[in-house]
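Subject: the structure I promised you

Hi,

Here is the structure we talked about. Have a look at it first, and then read on for what turned up.

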Amino acid sequence: MSGLYARESRSVSTMAHLRFFPQAVVGGSGAYLTGDDGRKLLDFAASWGAASLGHSHPALREAVNRALSDQAGASYLSTANEPSVLLAEKLLSLVPERARGRVWFGHSGSDANETVARMVVAATGRPRILAFNGAYHGGTVGSMAVSGHPAQQSARAKGLTLVPYPNSYAAGSPEAAKDAALAHLETLFATEIPPQEVAAFFIEPIQSDGGMLVPPDGFFKHVEALCRTHGILIVCDEVKVGLGRTGRFNAFEHCGIEPDIVVFGKGLGGGLPVSAVVGPEAILNHAVAFSLQTVHGNPVCAAAALAVLQTIERDHLVANAERTGRMLREALDRLAVRHPLIGNVRGRGLALGVELVADGAPAARQTALTVYRAFQLGLVLYYVGVNSNVLEFTPPLTLTEAEAQEGVAILDQALADVAAGRVDETLLADFAGW
């Protein structure tokens, strides 16, 4: 264990820890982090996608420095500030017409989704919310209340109903997964859940923390039609997979749908804390002082977010995510041929997942060992999934093809070492992960 990691253990609470190996960093540039031991670590996690432009990006530094050199306050609660207005105007231009009303700013996807959950019930007068099994919409009480991840079972809201997210790999085919999920939803509406009581359906166009599940073609078109029939708002959580990561600016564009409300977070600030809810004026302006914290709408974070959006456009990072992601996916598919541990490779752009299985069952232990061994070899990679057996790839949008190939080579070695029993299982004693 490094010196910095040991010092942290004596000073910092573990309540916010989700640790997979003893990672301790002192800096970073581009797609690489600098460990306190001087090692360069190739970052395929980007702090769960938050470091969307990589580390120490010059556009982000310039925007933050400029905002701090002539600071327009610290909040938008009691004063308009220019950076938050500019950011709101930009975000409104990037969503479908039906969502192009107003913008609320927060600190994270968690407070954004919590605000939406409270807001839609209050504005519509409908008490129920739908979400998916396996969905992770945040870590606050209110966002956990509308989540379906097994790590959050104790916090579910009384009015929440969870429905299955179609898992093509588990079901045997995309069609089987789609048909079963839609049948379940239609049966719910015909029996237990009066659809006229449902305010909103929280969806993920790719279910990331639930296992990087990609919905079958046409699935969300059917869900959209059901919601329109019954007046149910569609809330699209783009927090981890949006902002160009999938090879489209909005991940929901792959599904051919138009959500009513779009939630942004993580990569929006490029590593700074900022989130946004974009939706109809009638919903977003339901009540004043409804959801606020003192430094919401912070002009420094807003300036950083605007720089992120401008950089994504200027540097064609959506196209880079599609191109580099395709090459990475093909390289992972080639690994799957040679490594029996790999059961399935899936995803879009630079939002990819590799599910590990052993004897037909989730290989959670081997997954934990794989990410630990990859870290030892110089690659930062985490795992997700309701069974903790899916390697998650959310690298910076600036990732190059050479960096992608380097990461795959390290993963190749890590998988081989785990399969051969060359990784000491006692290393996992202090790293529970999910």
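Let's start with Phe 393. Leaving out residues up to four places away in sequence, Phe 393 touches Phe 44, Leu 328, Leu 332, Leu 350, Ala 351, Leu 352, Gly 353, Val 354, Leu 381 and Leu 411. Keep in mind that this is a predicted model. Phe 393 belongs to the largest nonpolar core, which has 111 residues; Leu 91, Phe 201, Leu 332 and Phe 393 are the members that touch the most others. Helix α11 gives this core its largest share, 10 residues. There is also a second, separate core of 21 residues, with Val 116, Ala 200, Val 277 and Leu 284 among them.

You'll find Phe 44 in the loop between β3 (40–43) and α2 (46–49). Is Phe 44 buried or exposed? Its relative accessible area is 0%, so Phe 44 counts as buried. Beyond its neighbours in sequence, Phe 44 touches residues including Leu 328, Leu 379, Val 380, Leu 381, Phe 393, Pro 395 and Leu 399. Gly 407 is on that contact list too; the C-alpha atoms of Phe 44 and Gly 407 are 7.7 Å apart, although 363 residues separate them in sequence.

Asn 389 is buried, with a relative accessible area of 2%. Its contacts, again not counting residues up to four places away in sequence, include Val 354, Glu 355, Leu 356, Pro 362, Thr 367 and Val 384.

Now the sheet. Here 7 strands form an open sheet with mixed pairing, in the order β4-β10-β9-β8-β7-β5-β6. At the edges are β4 (102–106) and β6 (160–163), each pairing on one side only. On average, neighbouring strands are turned by 20° against each other, ignoring direction. β4 pairs with β10 (residues 275–279) in the antiparallel sense over 5 bridges, and Trp 104 has Val 277 of β10 as its bridge partner. β7 and β8, by contrast, run parallel and are joined by 4 bridges, with Phe 202 partnered by Val 235 in β8.

How many of the 5 residues of β8 are buried? The count is 5 of the 5, so β8 is largely enclosed by the rest of the structure. Leu 233, Val 235 and Asp 237 point one way from β8, while Ile 234 and Cys 236 point the other way.

As for the helices, α5 (residues 109–124) lies across β4, β5, β7, β8, β9 and β10, and runs at about 155° to β7. Helix α8 (residues 174–190) also packs on the sheet, where α8 touches β5, β6 and β7 and makes about 150° with the direction of β6.

Last, a helix pair. The axes of α4 (residues 82–92) and α11 (residues 299–314) come within 8 Å and cross at roughly 35°, and the crossing is left-handed. From α4, the residues involved include Leu 86, Leu 87 and Leu 91, which meet a set in α11 that includes Ala 302, Leu 306 and Leu 309. By class, this contact has 10 nonpolar, 1 polar and 2 charged residues.

Cheers

Conventions. Residues are numbered from 1 along each chain as its sequence is written. This is a predicted model: local features need pLDDT of at least 70, side-chain atom pairs count only at pLDDT 80 or more; totals for chains, interfaces and linings use all residues. Side-chain values use heavy atoms; hydrogens and water are left out. Two strands pair if DSSP finds at least two bridges between them. Helices (H or I, at least four residues) and strands (E, at least two) are DSSP runs, numbered from the N terminus. Axes are lines fitted to C-alpha atoms, for helices over the stretch in contact, and angles run from 0 to 180 degrees between N-to-C directions. Contact means heavy atoms within 4.5 Å. A crossing is left-handed if the near helix is turned anticlockwise from the far one by less than a right angle, and right-handed if clockwise. Ala, Val, Leu, Ile, Met, Phe, Trp, Tyr, Cys and Pro count as nonpolar, Asp, Glu, Lys and Arg as charged, and the others, Gly among them, as polar. A nonpolar core is a set of buried Ala, Val, Leu, Ile, Met, Phe, Trp, Tyr and Cys residues joined through side-chain atoms within 4.5 Å. Buried means under 20% relative accessible area, exposed over 50%, partly exposed in between (1.4 Å probe, protein chains only).
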